Amino acid sequence: MAKKEIDVLDFPDDFLWGVATAAYQIEGAFDTDGKGASIWDTYTNEKSFKNGNANEAIDFYNNFEEDIKRIKELNLDSFRFSLSWSRIFPKGTGEINMAGVAFYHKVIDTCLDQGITPWVTLYHWDLPQELEDKGGWTNRSILDWFSFYVDFCTKEYGSKVSNWMVMNEPMSFIGLGYFTGQHAPGKKGLKKFLPAAHHATLCQAIGGRIVRENVEGAYIGTTFSCSHVTPKNYFWSNIKAAKRVDALLNRFFIEPLLGMGYPYKEFLGLKKIKKYFKSGDEKLMQFDFDFIGLQYYFRIVAKYNLLPPILFAKEVSALERNVKTNSMGMEIYHKGLYKMIKKFSKYEGINAIYITEAGVCLDDELIDGKVKDPKRIKYMKKTFSKILKAIRKGKNVKGVFLWTLVDNFEWAEGYKPRFGLIYNDFKTQKRTLKKSAFWLQSFLKRKEKIYPDS
Ligand code: BGC
């Protein structure tokens, strides 16, 4: 029997369909109207950085109205975007930049006018440079700086926005930014990583509490990167290595939040983080979020290795394994999404799950005014069917945000990886809907036809 095509009507009526973006990757206008520098402005404008910068990005700053209309045109109902801290507070704290504040009011108002629900991420990696100069995430004062910022934003926009996400993927910005140095601010080593990680753990919970306090009826979450991790083979040393990688990538930030502490059992060396604890921290890092966001892109196959210390594990790359990948060389492995939903659903204290990012980068090309990306269509179908499977098995998955609306600046990789449903010509900023966007549009349209009032 032929396999049934995925159908939007198989999903619960209130299942949410959105797209996700991040300020630094789209806005541009990096020093316009009083915006201060963020660590990403500094990092990408250094001579040693070879993959461009997002000074202009996709100029969402000047194109937000059209882009939000495009979300509507695709029949999506929700838009996840982040606030740029240094656009609102150029120096991180202190003086407010009213033009920056007004910009996000306009973005939110445009969403509301279009009938698109705004989902705001408070922190998606672009720390104000002034704060990094004082140690950034490694400095415990970040607890105050972050609280100040979150307090302001939630009071300012709370009457219009109910859906809040405190952070985007702490393991990514702390791991890559303060351990391996592959992301801004380019810091390296355990002595940077451990305090930065602990402060981020505290801030995610502190942020949650501030939103709860300031926004009546708020729906509050925070997001985590996750990767399905398997051992290279069933040698004991590799199985243990995979467990450590899993603990680091999937458990590190969620377990303290749920009152379980850091996953010390998997790697004893992690106990060194206790050096950065103050009395009361165990309690301070807990918060009862309404939902968590899972962001899934790839699987990791791990094996034992002497380096790096503490982790003693290494990835067996997708290239070595000769498996299907996206254009950044990450394995496309749909089953992993289902496994991640299952894994996180097992935690007591997780009330609801949204897939706050899922997407694929491909070598899309504009030919004769069209972009054919059948692989992205297939990617979406498979992603949706794994989510549906999870829902049918009783998991509380309530929505998906595709990454992303328009091709944008992919951090350390620059403009080459194209993740968008909409193609962007970075010279002219002309947007062209890819074939996948048309597919999504008609996939979602069926819902409207059947439920005209929804
Ligand atoms: C990040 C996005 C990024 C995407 C694709 C996620 O980890 O939140 O900002 O563009 O992955 O790599």
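Begin by selecting Ile355, whose bridge partner in strand 9 is Val400. Strands, like helices, are DSSP runs numbered from the N terminus (E, at least two residues, for strands; H or I, at least four, for helices). The model is a predicted one: local features need pLDDT of at least 70 and side-chain atom pairs count only at pLDDT 80 or more, whereas totals for chains, interfaces and linings use all residues. Residues are numbered from 1 along each chain as its sequence is written, and side-chain values use heavy atoms, with hydrogens and water left out.

**Strand 9 and its partners**

From strand 8 the chain passes through helix 15 (residues 374-392) to strand 9, a right-handed β-α-β crossover. Right-handed here denotes a clockwise path from the first strand over the helix to the second, with the strands pointing away from the viewer.

Strand 9 (residues 397-402) is largely enclosed by the rest of the structure, because 5 of its 6 residues are buried. Buried means under 20% relative accessible area, exposed over 50%, and partly exposed in between (1.4 Å probe, protein chains only).

**Strand 3**

Now select residues 117-123, which form strand 3; 6 of the 7 are buried, so this strand too is largely enclosed by the rest of the structure. Strand 2 (residues 78-82) pairs with strand 3 in the parallel sense over 5 bridges, and Arg80 has Trp119 as its bridge partner. Strand 4 (residues 163-167) is likewise parallel to strand 3, over 4 bridges, with Tyr123 opposite Met167.

Move to Val301 in strand 6. Val301 is buried, with a relative accessible area of 6%. Displaying atoms in contact (heavy atoms within 4.5 Å) brings up Thr230, Pro231, Lys232, Lys314, Glu315, Val316 and Arg321, not counting residues up to four places away in sequence. Val245 is 56 residues from Val301 in sequence, with a C-alpha to C-alpha separation of 9.4 Å.

Finish at Leu307, in the loop between strand 6 (291-304) and strand 7 (313-315). Is Leu307 buried or exposed? At 59% relative accessibility, Leu307 counts as exposed.

Note on methods
Pairing = 2+ DSSP bridges.
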